Amino acid sequence: MDVKTHDVPGTAAFFSAVLGWRFAVDESDWRRAIKIFADGHQIGGVSDLGSPLYPPGTPAHIAYYLAVDDIEARTEAATAAGAQLVLAPFDAGDQGRIATLIDPVGAAFSLWQTRPANRWSPSARAPQRMVLACPRPAQARRFYRDVLGTVPSFADFVPTHGAEEPEPRWELVVAVDDPDAVAARVHGLGHEMAHGPDHVGGQRLTSPDGLTFHIRAAAS
C-alpha cells in the first residue's frame with residue numbers, strides 16, 4: 001500500500017503515535033522514498049501529493065497495489081471489464097511494472113508485476129484487510145475476480161446506504177490489541193470518528209489529512 005498525503009511529516013507523526021508505525025527514509029533509494037514498518041515488517045510507502053505528479057486537489061488516500069503475473073494482460077482484462085485506465089503499465093525503476101485504474105464502481109487501484117524477491121512479507125495486523133464500501137459490492141467483487149482470476153483473499157466488499165456515504169475507495173483495516181485505547185489516542189490528538197458508518201465490525205477513524213481507516217480487535 002502507499003499512503004498518499006498532503007502532509008508527510010504530520011501523517012507520519014500521527015500514525016507513529018496512534019499505531020506505533022515506524023517511518024524511515026530508504027537511504028539506498030535514489031528517490032529517498034519514505035517507507036512504513038510495523039512489527040518489523042515493511043508494510044508500505046508514503047507519497048507526497050504536493051508533487052507535480054498528482055493533479056491539484058487530489059484527496060489524501062491509501063493506494064493498494066495488487067500483485068499480478070502479467071500486467072499487460074491483466075490491465076487489458078480490467079479495461080474490457082469496465083475499468084478506466086489512469087496510468088498505462090510503466091516501469092517503476094527496479095520495482096517492476098505498475099498500472100493504475102479506476103474500477104467500475106469508482107475506486108482506484110493499481111496492478112503490480114514484479115520479481116518475487118521484491119514482494120513484501122507484511123505484518124498480520126497492518127494491513128490486516130482492505131475494505132471497499134460501495135453501492136454495488138457484488139459487481140465490484142465480480143470485477144476483481146474476473147480481472148485477477150480470484151477474489152483477493154484479504155478484501156471485503158460491503159454495501160453502502162444513504163447520501164452520507166463517501167465516494168467509493170479502498171480503505172485500510174488494522175488489527176490492534178485495544179481498539180478503545182487507539183481511539184482514545186486519536187481523540188487525544190484532537191481528531192474524531194470519521195464520517196459515515198464502520199463496515200467491518202470495528203471503529204472508523206480519520207487522520208489529520210483526512211485519511212480514513214478502520215481498527216478492530218486482534219484475534220486472541
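Modeller: A residue counts as buried when its relative accessible area is under 20%. In this predicted model, 46% of the 220 residues of the chain count as buried.

Colleague: How is a pair of packed helices to be read?

Modeller: Two packed helices are described by the angle between their axes and by the distance between those axes. Here, helix α1 (residues 8–19) packs with helix α4 (residues 179–188) at an angle of about 145°, the axes being 9 Å apart. The crossing of α1 and α4 is right-handed.

Colleague: Which residues of α1 and α4 make the contact?

Modeller: From α1 come F14, A17, V18 and L19, and from α4 come V182, R185 and V186. Six residues of this contact are nonpolar, none is polar and one is charged.

Colleague: Turning to strand β13, are the residues on its faces buried or exposed?

Modeller: In β13 (residues 203–206), Q203 and L205 on one side are buried, as are R204 and T206 on the other, so that both faces are covered, given the cut-off of under 20% relative accessible area.

Colleague: In what sense do β13 and β14 pair?

Modeller: Strand β14 (residues 212–217) pairs with β13 in the antiparallel sense over four bridges, and R204 stands opposite H214 in β14. The two strands form a hairpin with five residues between them, and G210 in the turn has a positive phi of about 90°.

Methods
Residues numbered from 1 in each chain as written. Predicted model: local features only at pLDDT ≥ 70, side-chain atom pairs only at ≥ 80, totals over all residues. Heavy atoms only, no water. Buried < 20%, exposed > 50% of the residue type's maximum accessible area, 1.4 Å probe, protein only. Pairing = 2+ DSSP bridges. Axes fitted to C-alpha atoms, helices over the stretch in contact; angles between N-to-C directions. Left-handed = near helix turned anticlockwise from the far one by under 90°. Contact = heavy atoms within 4.5 Å. Nonpolar A, V, L, I, M, F, W, Y, C, P; charged D, E, K, R; others polar.
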